[in-house]
Each structure stands twice: as structure tokens, then as C-alpha cells.
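Here is a short tour for a first look. Keep the sequence and the model side by side as you read.

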Amino acid sequence: MEEMIRKNYKAELFGSELYSALASGEKSEKVKEVLQELSEGEGKHARFWEEIAKSRGVSLGKLTLLDRIKLWLLKRLRSFLG
């Protein structure tokens with residue numbers, strides 16, 4: 001159960017960071033708005049899992065260096081592909 005909580009938390013946190021990063025580089029205001037909403041939604045989901053983790057005494061980590069590299073690569077790929 002602990003591993004599932006950590007995995008879900010990290011996935012939601014990663015999604016929030018990804019959508020936020022994509023929104024920051026977006027030129028279209030409509031697309032930027034949608035990406036920001038998605039980021040906020042994923043952030044809420046991450047906080048949900050954080051509360052479950054706290055109630056069960058499960059420690060959560062932050063995004064790793066590898067996660068940060070993935071975010072950077074996905075943002076660059078988005079700018080390259082348009």
C-alpha cells in the first residue's frame with residue numbers, strides 16, 4: 001500500500017510540474033489556460049495522496065534528478081515539435 005501511495009503521489013506531482021512547464025512556454029493563451037488548469041488539477045490530486053500518506057505515516061519524496069531531466073526533455077520536445 002505504501003508503494004502505491006508513493007507511486008500515485010509522484011505521478012500526480014510529475015504531471016502537475018509537466019503541465020506547468022508546458023504552460024510557461026505556450027504562446028496560445030487558450031492552450032496556456034488549459035495547461036494551467038490541468039497543472040492545478042494534478043496538484044490537487046498530489047495533495048490528496050499527500051494527505052493519505054500523512055494519515056498512514058508514509059514518507060514521500062520529491063521529484064528526482066531523473067524526473068527533472070524527463071521534464072526538461074519533454075518541454076524541449078514540445079517546443080521542437082510545436
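## A nonpolar surface patch

A nonpolar patch joins Val, Leu, Ile, Met, Phe, Trp or Tyr side chains within 5 Å, taken from residues with over 30% relative accessible area and no salt bridge. This is a predicted model. In it, L65, L66, I69, W72 and L73 make such a patch, of about 540 Å².

L73 sits in helix α3, which covers residues 65-81. L73 counts as partly exposed because its relative accessibility is 47%.

## The nonpolar core

In soluble globular proteins, nonpolar side chains tend to be buried together. Here the largest nonpolar core has 14 residues. The members that touch the most others are I5, Y9, L13, F14, L18, L63 and L71. Two elements give two or more residues each: α1 (2-24) and α2 (29-56). Helix α1 gives the most, with 7 residues.

Take I5 in helix α1. I5 is buried because its relative accessible area is 0%. Leaving out residues up to four places away in sequence, I5 touches W49, I52, A53, R56, V58 and L60. L71 is another core member.

## An aromatic pair

A pair of aromatic rings is described by the distance of the centres and the angle of the planes. The count here is 1 aromatic pair. F48 and W49 form it, edge-to-face, at 5.3 Å centre to centre and 80° between the planes. F48 is partly exposed, at 48% relative accessibility. W49 is buried, with a relative accessible area of 16%.

## Salt bridges

Side chains of opposite charge can pair when their charged atoms come close. The count of salt bridges is 4. One of them joins E2 and R6, at 3.7 Å from N to O. Both lie in helix α1, 4 residues apart, or about one turn of the helix. E2 is partly exposed at 43%, and R6 is partly exposed at 28%.

Which parts does the bridge between E17 and R68 tie together? Their closest N and O atoms are 3.4 Å apart. E17 lies in helix α1 and R68 in helix α3, so the pair ties together parts that are 51 residues apart in sequence.

R78 and E26 form another bridge, with the closest N and O atoms 2.8 Å apart. R78 belongs to helix α3 and E26 to the loop between α1 and α2, so this pair links parts 52 residues apart in sequence. R78 is partly exposed, at 33%. E26 is buried, at 14%.

Note on methods: Residues are numbered from 1 along each chain as its sequence is written. This is a predicted model: local features need pLDDT of at least 70, side-chain atom pairs count only at pLDDT 80 or more; totals for chains, interfaces and linings use all residues. Side-chain values use heavy atoms; hydrogens and water are left out. A nonpolar core is a set of buried Ala, Val, Leu, Ile, Met, Phe, Trp, Tyr and Cys residues joined through side-chain atoms within 4.5 Å. Buried means under 20% relative accessible area, exposed over 50%, partly exposed in between (1.4 Å probe, protein chains only). Patches are made of residues with over 30% relative accessible area and no salt bridge: like charges are joined within 9 Å, nonpolar side chains (Val, Leu, Ile, Met, Phe, Trp, Tyr) within 5 Å. Accessible areas come from the Shrake-Rupley method with a 1.4 Å probe; for residues, only the protein chains shown count as cover. A salt bridge is a side-chain nitrogen of Lys or Arg within 4 Å of a carboxyl oxygen of Asp or Glu. Rings of Phe, Tyr and Trp (its six-membered ring) pair if their centres lie within 6.5 Å; planes under 30 degrees apart count as stacked, over 60 as edge-to-face and the rest as tilted. Contact means heavy atoms within 4.5 Å.
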